[in-house]
Amino acid sequence: MSNEEVRTYLLQSLNMSLDIKGETTYTNSFDVQITDKGFLFIPRVPCSFVLDADLYQRIFSIANGVLYPKFTLLKQSGAFFTPTKSSNFHLARAFFYPWFVGIPERLVIKDIDDFVSTVPLGELPLMKGVTVDFDQITHVEIAGNSGAGKSYALVYLLNVINKFADLVIVDPKYDSPSRWGKDHSVRVVHPDDSSSQNDYVTQVNGVLSEVLKIIHRRQATLQTGHSFNFKPIVIVIDELMALSMAVTKTIKDSFFGLLGQVALLGRTTKVHLILVSQRFDASALPVAVREQANLYIQLGNINKKTTQFLFPDLDNTDGIVVPVGRGTGLVQIIDGIHAPNIMPLLMPTYGRGGD
């Protein structure tokens, strides 16, 4: 479809469905402009309808459905205003609706080792056409209900990140991340039969203390005024909720305190966290730590209840078309490169040669 065909189609849909006190393009009340990155809804003001978040979301709901699958609109937490190029004050502002051309497509990887060997250092492919620069990522948070594919997604990330970073895996359940770590000679901190939960979390606190010492050494090095290319260090904590449950308050407070220091200080010294949990409420992770991340992944069931912790500004999930299947959900990348939109996500599927 040409831009003019998309514009005509959108205008017809909005005229039929929007119902804003009888105002339509036939009364010259608004117009639509198509760009490569989305479309503009341009009201002619003054108008009888209010330009607010409610109107923005109503237009989103209409347009998202009728444009699918040619375009996937990117959900906004509120009204996205932008100035137009018009010199006419009556047409000087617009709602902007960014979009993803087509629909998100999953990477299907036959051999993960062969695939990783072709990925440039520091890059992290998430979907077809969506790759993040890990150097721009502070911390990663992955949430999802049991069976949503969190561990599978995590192991994919480990395969890619292991190429350019030093990894330490904390795995309270001693599950697939531990097996991957053992196979790849990566340090794994897991419980054993002889240790209590308090003993295990104390051991984890020791690891975080070691990392903090590295951060302080790197900070001291940076104070010399020279530029240093530190190798990234990535601390992976799977099933975060399992660490903060059934331990004494003193040990839990120490864990949260150390985690907070790593989250706050690691940014400039290339020390990163990847945290995985069924949910990220205050019992699993302090809010101050949660807000230090800039790559958020929510897998599994998508609704207001499941998204309230990673995407607190997302009032509702209406209009977001999330494909069905394991490893699907939402992603938000706040790195200054990608638009900070919440978009549908399909994590890669992968195997090994002969699988």
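How many residues in the lining of the largest pocket are nonpolar, how many are polar and how many are charged?

Reply: This is a predicted model, in which local features need pLDDT of at least 70 and side-chain atom pairs count only at pLDDT 80 or more, while totals for chains, interfaces and linings use all residues. Residues are numbered from 1 along each chain as its sequence is written, and side-chain values use heavy atoms, with hydrogens and water left out.

The lining of the largest pocket has 11 nonpolar, five polar and four charged residues (nonpolar: Ala, Val, Leu, Ile, Met, Phe, Trp, Tyr, Cys and Pro; charged: Asp, Glu, Lys and Arg; polar: the others, Gly among them). This pocket has a volume of about 320 Å³. It is lined by 20 residues, and the closest to its centre are F311, P312, D313, Q332 and I334. (A pocket is an open set of points on a 1 Å grid over the protein atoms alone where a 1.4 Å probe fits, with protein on both sides within 12 Å along at least five of seven lines; lining residues have an atom within 4 Å of a point. Its volume is the space filled by probe spheres set on points joined across faces, edges and corners.)

Helix α1 covers residues 3–17 and helix α2 residues 53–67 (helices are DSSP runs of H or I, at least four residues, and strands of E, at least two). Their axes, which are lines fitted to C-alpha atoms over the stretch in contact, come within 10 Å and cross at roughly 130°. That makes α1 oblique to α2 (under 35 degrees is roughly parallel, over 145 roughly antiparallel, 65 to 115 roughly perpendicular, the rest oblique). The crossing of these two helices is right-handed (the near helix is turned clockwise from the far one by less than a right angle; anticlockwise is left-handed). On the α1 side the contact (heavy atoms within 4.5 Å) uses V6, Y9, L10, S13, L14 and S17, and on the α2 side I59, I62, A63, V66 and L67. Nine of these residues are nonpolar, two are polar and none is charged.

N28, in the loop between α1 and β1 (30–35), has a positive phi of about 60° although it is not a glycine. P46 sits in the loop between β2 (38–43) and α2, and a cis peptide bond with omega of about 0° joins V45 to it. P69 is in the loop between α2 and β3 (71–73); the bond from Y68 to P69 is also cis, with omega near 5°.

Further along, helix α4 (residues 150–161) packs against helix α5 (residues 176–183) at an angle of about 25°, with axes 9 Å apart. The two are therefore roughly parallel to each other, and α4 passes α5 in a right-handed crossing. S151, L154, V155, L158 and N159 of α4 touch S176, P177 and W180 of α5. Five of these residues are nonpolar, three are polar and none is charged.

Helix α6 (residues 197–222) and helix α8 (residues 249–265) also pack at about 25°, with their axes 9 Å apart. They are therefore roughly parallel to each other, but α6 passes α8 in a left-handed crossing. Residues of α6 including V201, L208 and I215 meet residues of α8 including F255, L258 and V262. By class, the contact has 12 nonpolar, eight polar and no charged residues.

Definitions and conventions
Axes fitted to C-alpha atoms, helices over the stretch in contact; angles between N-to-C directions.
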